[in-house]
Each structure stands twice: as structure tokens, then as C-alpha cells.
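My entries are set out below by topic.

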Amino acid sequence: MRVLISGASIAGPVVAYWLHRAGFEVTVVERTESLRTGTGGHPVDLLGPAVEVVDRMGLGDVVRARRTATDLMTLIRPGKPDVTIHGAELLAGVSDRHIEIMRGDLAQILHESTARHVEYKFGCTITGIEDDSVSFSDGSRERFDLIVGADGLHSGVRRLVFGDERNYRHFLGAYLAVYTLPNVMGLEDQVLNYSAVDRSVAIYPTNDKSRVRAAFLMRSPEIVYDYKDPAAQRRVLRTLVDGLGWEVPTLLESLDEASDFYFDEISQIRLDSWSRGRVTLAGDAGYGPGPAVGGGSSLALVGGYVLATELAAAGGDHTVAYPAYERAMVATVAGSRRIGPSVLATLIPRSGLQVWTMAQALKVLPKLPRALQQRLTSFGGGPAAMLEGVELRPAYSQAQ
Ligand SMILES: Cc1cc2nc3c(=O)[nH]c(=O)nc-3n(C[C@H](O)[C@H](O)[C@H](O)COP(=O)(O)OP(=O)(O)OC[C@H]3O[C@@H](n4cnc5c(N)ncnc54)[C@H](O)[C@@H]3O)c2cc1C
């Protein structure tokens, strides 16, 4: 059977890997001209079953070798002393099985593990899905039995099959901006986090020691702007952080030169069903819990695995496999939708009192027994607990 996957980041290559092993012929199309690796992008978290999936792919060692571990996290507050804490203490409650890695590094590892067996077409998108064929941006047309949209929050496959994303995108009341800039502060193995009311700014290291990433989280009512226009996005960012002190004016000096500027609203994709006919969605495209707030990378890895193993078990019969995939994921996806808003409420303080409370909590955290540290840093169970509910079928292999 011929399977077409759109998107070569996390979910796409995972589906490709397991479908190839089960004997399917797989093609992946990716919009960008090459893999976006560079400084590595943003760090993402692999939790519980997602770690299990990379282990089952035989990639556990290489993924662990490229893990990022932030030694120190410093909370900076307007007019108050800084509080510094070890990253391990802050992450105590996340999960015993937890790997933090740059998204770009993970995508590269997943791509390398599939590139010999799977056809990758970079700089190519799907432009039309007809009854028996698929049209591409390079003008070609081909027949595929199954189609998987693993093309992220603003999925093109989803738009073609399910219609305008405004119908199922749910705004969580905040915006996110991220870009890379020169490491003028000489930051090493440390995250700086400036917390003010309704605004939170983090600076963290990248794979390239001469560069750092700045991430801005801003609570705001929905803003009307041309979301496809980077100049308009930059204007919105400047307006949202106007008047913020600390290093923010210095960070903004590099904004116009940043080639990897990312700006988006923090929103979730809420579809009742993410399959239609022979087309299904995986990862952020189908059930994105919101960037930076809900364990989206782990969902992408686990969802990709569950989809592929259900297809393998059903011999490629999507009328059996897609409903089984959705049944296996539905509780976890529902859980991830609940977690996003509470994680966001912690990441962006609503009041000066919340900033103060956060600082006090960080001061006492290192002195607490580990069990209590775990309870306080788990976001009420959080993404790790929600993912533990997914049952992973045994791996299936025909083409080893
Ligand atoms: C700034 C930021 C911080 C984040 N922090 C975290 C975190 O701390 N922890 C965490 O777990 N998650 C985090 N996330 C979310 C995480 O990155 C995503 O949940 C995860 O990458 C989803 O993987 P995916 O494969 O489903 O989609 P994506 O990683 O979005 O990949 C989609 C792929 O499809 C490609 N594509 C897009 N459109 C098309 C098209 N029309 N045709 C072909 N290809 C296309 C894209 O180029 C991309 O390669 C963060 C996200 C952002 C933006």
C-alpha cells in the first residue's frame, strides 16, 4: 500500500518509520526546502510513553546523547532580587522518564532513521486531494491509498479536507514569539526568566554558543492582524511588550534581523474526529494542545506510533485502523486540552502577587523532600500523567 505523509518534523517521520517496518511504501512531503535544524529551534519534552517510542525505534541512546539539560534557571522580577534554582529541582515533578531535546535535533534524528527507506520530497506540498489521486505543488499528480497530515498547527491537509482552521482553532488568550539573537549576555547552561504581570520573557541557550533564543509569552485578548505578514507580527510583538523593562529593549534591537522569527497565537486544535475517508491527521495537525503548554511533541510521537501500529494491525484497512487510533488517543487528547490553560496560567502571572508567590515557591523548593518537589512541580499531574494513560501496542515489524 502506498501512504503519503505531509510534514517531516516529529509525527510524520514516526508514522513513516513504523509503516515502513510493517511493509508499507511511504512518501513524505515537506514544505521547507531542507530540514530546519540550525540552532535547534526550541527545546521540547519527551515524556513517559514518548520516551518508550524512541526506545522502541532503537533511537534512545542517540536521543539521550543530544538531550539538553539546563543547569540553572533564574527568575527575574521587576524591582526585586533574582531567584536562581537548579533545573533538575524545577523538573522534579515532570516525569521520571523525561528527555528534553531541541525540536530540530529530534527531527534530524527521526529523519536520519527513515531516510534510507522512505522517499522524502522537500520543498513540496499537497495542493489537492481527489478521489483516487493527490496533486502536488510541483505540478505532479500521483495515486496514494492513504494520506496522513502531520503538517503541524496550520496543517495544509487539514485545510483541504476539514476546511478553514478558524472552525476548530481555540484561542487560549495568549501569544508566543520566539527568535534567535547574538549571545550578547554570555549565557551558558542557564535560562533567564523575566516575569511581570501578563508578560513572561525567557532567554535560553541554543546548540550554537554564540547565539541564544528569546521567547516571549504575552496574555492578551485576540488581536486582529495579518497573521501571515512577518512585519505585522513584529509590530504586534513590539506593542505587546511595550514598556517592559529588564533586557527587553536590548532583545528587541535584534528583532528585525532575526531570520527564524516565530510569532503565533497560543491555540489548540479541537476536532471531534481527526479522520475523514482515507485521510487522517497526526500530531499538532490533529490535536495540537497549544505550543509550549501541553506536551505537543510527546503527543506527536505517541500519536504517530499509535496510528502506524493500528494501520499495521488492520492490514492497512483504514475503516478499522482510524477509529481504533482515535479511540486509543481520545482520552489523552482530551486531557491535553485541559492542561494547556493551567500551564499557561502558571507560565504567565496574572498579578504581582502571583510573581511573588512563584519566587517564594522557587526559594523553598530546593529545601523540600523530593516527593513534595514532585507534587509541586507536576502541574497537577500535567502532561506526563495524561500521557501515561496511553496504551502502546507491541511494535510491529515485517520489513526489518
Ligand atoms: C516556540 C515553541 C515552543 C514549544 N515548546 C514545547 C515544549 O516545551 N514541549 C513540547 O512538548 N512541545 C513544545 N512545543 C510544541 C511542539 O514543537 C509541537 O507540538 C511538535 O513539534 C508537534 O510536532 P508535529 O510533527 O505534529 O508538527 P510540527 O513540529 O509543527 O511539524 C510540522 C511539519 O510540517 C511542515 N509543514 C507545514 N505545512 C506544510 C504543508 N502545507 N505541506 C508540507 N509540510 C508542511 C512543517 O514545515 C513542519 O516540518 C513548542 C512549540 C513552539 C512553536
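**Basis.** I am working with a predicted model, in which local features need pLDDT of at least 70, side-chain atom pairs count only at pLDDT 80 or more, and totals for chains, interfaces and linings use all residues. Residues are numbered from 1 along each chain as its sequence is written, and side-chain values use heavy atoms, with hydrogens and water left out.

**H1 and H5.** I looked up helix H1 (residues 11–21) against helix H5 (residues 103–114) and noted an angle of about 25°, with the axes 9 Å apart. H1 is therefore roughly parallel to H5 (angles under 35 degrees count as such). I took helices as DSSP runs of H or I with at least four residues, numbered from the N terminus. Axes are lines fitted to C-alpha atoms over the stretch in contact, and angles run from 0 to 180 degrees between N-to-C directions. In contact (heavy atoms within 4.5 Å), Pro13, Val14, Ala16 and Tyr17 of H1 meet Leu110, His111, Ser113 and Thr114 of H5. I recorded these residues as 5 nonpolar, 3 polar and no charged.

**H1 and H10.** I next paired H1 with helix H10 (residues 296–313), where the angle is about 30° and the axes are 8 Å apart. These two helices are therefore also roughly parallel to each other. From H1, Ala11, Val14, Val15, Trp18 and Leu19 meet Ala300, Leu301, Gly304, Tyr305, Leu307, Ala308 and Leu311 of H10. The contact of H1 with H10 divides into 11 nonpolar residues, 1 polar and no charged; Gly counts as polar in this scheme.

**Ligand.** Which residues come nearest to the ligand? I found Ser9, Ala11, Glu30, His42 and Ser297 nearest of the 31 residues around the ligand, a residue being counted if one of its heavy atoms lies within 4 Å. I then checked polar contacts (pairs of N or O atoms within 3.5 Å). A side-chain N or O atom of histidine 42 is 2.9 Å from an oxygen atom of the ligand. For aspartate 284, a backbone N or O atom lies 2.9 Å from a ligand oxygen atom. For arginine 31, a backbone N or O atom lies 3.1 Å from a ligand nitrogen atom.

Technical notes
Angles under 35 degrees count as roughly parallel, over 145 as roughly antiparallel, 65 to 115 as roughly perpendicular and the rest as oblique. A polar contact is a pair of N or O atoms within 3.5 Å; within protein, one must be able to donate a hydrogen and the other to accept it, and residues adjacent in sequence count only if both atoms are side-chain atoms.
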